[in-house]
Amino acid sequence: MVRAVQLWESLVRRIRAGHPPHLQLSLTHRPHPYARALGLVAVTLLGAWLGLLVVGSVRTPVGPMDTKMTLRPSLSGGTKINVSPLGALRLDTHVAPIRLDVDVDQLDPERSRSLVEHPERLSGLQDEVSRDIQNGTRDLAARSCAAVLCGAAALGLAVYRTPGRALAAGGLALTLLTASAVTAYATWNPKSVLEPRYSGLLASAPSLVGNARNIVSDFDVYQQELARLVTNVTTLYDATSTLPVYQPDPTTMRVLHVSDLHLNPASWGIIRSLVQQYDVNVIVDTGDTMDHGTEAENAYLEPIATLGAPYVWVRGNHDSLATQAAMARQKNATVVDNGRIVTVDGLRIAGMGDPQFTPDRSVRQEGRPAQVAAGRRLAAALRPAAGGEAAGKPRADIAIAHEPECVEQVDGLVPLALAGHKHNRKQHDLPGGTRLMVEGSAGGGGLRALEQGVPEKVTASILYLDRESRTLQAWDEITLGGLGLTKAEVSRHLPEENTPGAEPSPSLSPSLSPTTG
């Protein structure tokens, strides 16, 4: 390239100095018409593509959703609908050298709330969505025309340095776009919605996403399901102001208990929303964040730094030591293992990582005996030293482990014990006075849930603790429908000793612990 520029400058200098005319003839030699035409087409296509890339998109509401529409050059045409983080749907809507990309950004809370407050508007939602799409398409068409015209003309001016060629490039770009639009209109296939192709997480679960034929043939049922979805999402976010009996004051500590994410990317968005809505102080994760514990899975942990609250984690049976090391490197994360006690926002938490790594088939799994032995080691770390001011006082406020069999061994040594593993939420008081709370799956069973006929529910709990005594005052159980479902519920529960007229629960009794002796 540099050599070519030097030769060009040398030739120009020789012409200006009056050197032999054959150089002038060589410089004034015009290229072949076909070459000129191909060059103009190449400049036009490149400029039009750059114009669409820079300014060729519009943001437009479609019903209660915010979307971004963009035209992209394509060899096969069609429409691509991106639904983050679940994946994408591809529809063979038309055959033309342009593709329509639609990105579904988010559900607008104001428009959703309006539908909830005025359910009669759902009857006109289909027409509203159609109008929104038509308006968005018109805006996109106008912007795309301006984008290709300006992009091609600007590049033509930069290459040819003549207004005539620049206008020719812009006109050609506009003509090509118009021809593509006419071709798309002529080949438009409205039945393409009946045969979508899925990618991403959606590829494994088209039956869970919903059969488009059923939606088209029974739109009344679809309207009802949409109403339930909008109503339940709004109800979830407003539930804290309407739940009965216990009203937490501003000083109450709020602990979000999650477990068994199993690589579900949607879990981070759910956790982040709960942290914001409930003003959570600490997140406690009782393990099985991964499926196989491989190094390749560690990138899944990166959103932890953005969750908005400290993240305390204990290893599960699907989490390897490599997983634990990667978790320890995450900003905002604290790992507890081998009876280690950490203090986070004034809350003392002790934990024991799962003694088994079940994805490793080369090692014989010991089952319950391994869990009991690990639990006894955790209990030994929590048992107060004899004598002194700390005698008889719990060394930690919460003990955590992945499997309930492990954390049961600390009965009588801490007020509260948290676990997961079972994918089934339950809680009860142990004989020594410790309350054991087992969480379900905040990942709805993870990616493996797609293999089941009925998806697991997504569950999490908000624990309300007194900041002074750090005892449990109440808890909210949050349940979301799994993949393909629209149910959202929040229920509030109180310990028996907080129920009006109830007898106080027995105090912690380390001597009753099954690990004593």
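Student: Which residue in E18 does Val458 stand opposite?

Tutor: In general, the strands of a sheet pair through backbone hydrogen bonds, and they do so either parallel or antiparallel. In this predicted model, Val458 stands opposite Leu480 in E18, and the two strands concerned, E17 and E18 (residues 472-480), pair in the antiparallel sense over eight bridges.

Student: How many residues lie between E17 and E18 in the hairpin?

Tutor: There are six residues between them, and Arg470, which sits in the turn, has a positive phi of about 55 degrees.

Student: Which other strand pairs with E17 over five bridges?

Tutor: That is strand E7 (residues 253-258), which pairs with E17 in the antiparallel sense; here Arg254 has Tyr464 of E17 as its bridge partner.

Student: Are the residues of E17 buried or exposed?

Tutor: Eight of the eight residues in E17 (residues 458-465) are buried. Val458, Ala460, Ile462 and Tyr464 point one way, while Thr459, Ser461, Leu463 and Leu465 point the other way, and all of them are buried.

Student: What is the order of the six strands in the open sheet?

Tutor: The order is E11-E12-E13-E14-E16-E15, with mixed pairing. At the edges are E11 (341-344) and E15 (426-429), each of which pairs on one side only, and the twist averages 20 degrees from one strand to the next. E11 and E12 (residues 347-352) pair in the antiparallel sense over four bridges, and Ile341 has Ala350 in E12 as its bridge partner.

Terms used. Residues are numbered from 1 along each chain as its sequence is written. This is a predicted model: local features need pLDDT of at least 70, side-chain atom pairs count only at pLDDT 80 or more; totals for chains, interfaces and linings use all residues. Side-chain values use heavy atoms; hydrogens and water are left out. Buried means under 20% relative accessible area, exposed over 50%, partly exposed in between (1.4 Å probe, protein chains only). Two strands pair if DSSP finds at least two bridges between them. Axes are lines fitted to C-alpha atoms, for helices over the stretch in contact, and angles run from 0 to 180 degrees between N-to-C directions.
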